[in-house]
Amino acid sequence: MNTATNVDPSEVDKFNKLASEWWDNTGAFATLHHINPLRLNWIEENVKRGYQGGDANKTAEMGLTGKRILDVGCGGGILAESMARRGADVTGIDLGTENLKAASLHAEQSNLNDSLRYQHIPVEKLAETHAGQFDVVTCMEMLEHVPDSSSIVQACFDLLAPGGVCVLSTINRSPKSYLFAIVGAEYVLRLLDRGTHDYAKFITPAELDKMALNSGFSRQDIIGLHYNPLTKRYWLAQNVDVNYMLAVQKPLV
């Protein structure tokens, strides 16, 4: 599709208005702060798995260290910063200008300017000029906020070097996800602002798997992310009824 149209302005505006809260771990993005260690470790595990037996300069044992990483839909930089802290060279892209200001300011305050940078650019546009230039691409909690998620997945594939690993996360479209991700998270527990998610834009694992395979990826792993509101505990498990992450790899040839 026309890359200039693969954005919902209302979605960008929604997160721009919350930009001042990105680094408040008790604010609107508290959930992201809580789940970040889980998703960061799972990303690194799959990068290690993907690079086993690969380029000697990017050995599995190094994990994220030394990898060129692109974080698509980086928001205020919560994940991007954590990957840079593990030794990666990270580029974060987003279409929310206020999000990027918050991310850049925090990176500067954290003395990460040498290993972390941000750009205001659609991923499809970046793929036109930087195809094959990244070892890892992440796209977390974004696919359910755009008009054409398959276009994003294809751009992620194009941006990866052969053998590169991509990790995607989104929300399953199921009765359980409506109950937990919208009714529970937005209206009952108020973990997220009302209207954060649109159930119709949720993506089933089968749909995301098909997008990935159609783009040229090979399957690697899938995991569900779970939360107990009573104990406030987050954990990973095989059940993917609500939130889930998918790791895929670009073939070497």
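Buried means under 20% relative accessible area, exposed means over 50%, and partly exposed lies in between, with a 1.4 Å probe and protein chains only. The model is predicted: local features need pLDDT of at least 70, side-chain atom pairs count only at pLDDT 80 or more, and totals for chains, interfaces and linings use all residues. Residues are numbered from 1 along each chain as its sequence is written, and side-chain values use heavy atoms, with hydrogens and water left out.

**Exercise 1. Classify Asp 135 as buried or exposed, and find what its side chain reaches.**

Solution. 
- Step 1: locate the residue. Asp 135 lies in strand 4. Strands (E, at least two residues) and helices (H or I, at least four) are DSSP runs, numbered from the N terminus.
- Step 2: apply the cut-off. Asp 135 has 2% relative accessibility, so it counts as buried.
- Step 3: look for a polar partner. The side chain of Asp 135 reaches the backbone nitrogen of Arg 68 at 2.7 Å.
- Step 4: compare sequence and space. Asp 135 and Gly 87 are 48 residues apart in sequence, and their C-alpha atoms are 13 Å apart.

**Exercise 2. Trace the polar contacts of the Asn 6 side chain.**

A polar contact is a pair of N or O atoms within 3.5 Å; within protein, one must be able to donate a hydrogen and the other to accept it, and residues adjacent in sequence count only if both atoms are side-chain atoms.

Solution. 
- Step 1: take the side-chain partner. The side chains of Asn 6 and Glu 124 make a polar contact at 2.6 Å.
- Step 2: A polar atom of the Asn 6 side chain lies 2.9 Å from the backbone nitrogen of Asp 148.
- Step 3: check Glu 124. This residue lies in helix 5. Glu 124 has a relative accessible area of 8%, so it is buried. Glu 124 and Ser 151 are 27 residues apart in sequence and 7.4 Å apart in space, C-alpha to C-alpha.

**Exercise 3. Describe how helix 2 packs on helix 3.**

Two packed helices are described by the angle between their axes and the distance between the axes. Axes are lines fitted to C-alpha atoms, for helices over the stretch in contact, and angles run from 0 to 180 degrees between N-to-C directions.

Solution. 
- Step 1: read the geometry. Helix 2 (residues 30–50) and helix 3 (residues 78–85) pack at about 45 degrees, with axes 10 Å apart.
- Step 2: name the arrangement. Angles under 35 degrees are roughly parallel, over 145 roughly antiparallel, 65 to 115 roughly perpendicular, and the rest oblique. Helix 2 and helix 3 are therefore oblique to each other.
- Step 3: list the contact, meaning heavy atoms within 4.5 Å. Helix 2 gives Leu 32, His 33, Asn 36, Arg 39, Leu 40 and Ile 43; helix 3 gives Ile 78, Leu 79, Ser 82 and Met 83.
- Step 4: sort by class. Ala, Val, Leu, Ile, Met, Phe, Trp, Tyr, Cys and Pro are nonpolar; Asp, Glu, Lys and Arg are charged; the others, Gly among them, are polar. The contact of helix 2 with helix 3 has six nonpolar, three polar and one charged residue.

**Exercise 4. Examine the positive phi of Asn 111.**

Solution. 
- Step 1: recall the background. Most residues other than glycine have a negative phi.
- Step 2: read the angle. Asn 111 is not a glycine, yet its phi is positive, about 60 degrees.
- Step 3: Asn 111 lies in the loop between helix 4 (97–109) and strand 3 (116–120). Its relative accessibility is 69%, so Asn 111 counts as exposed.
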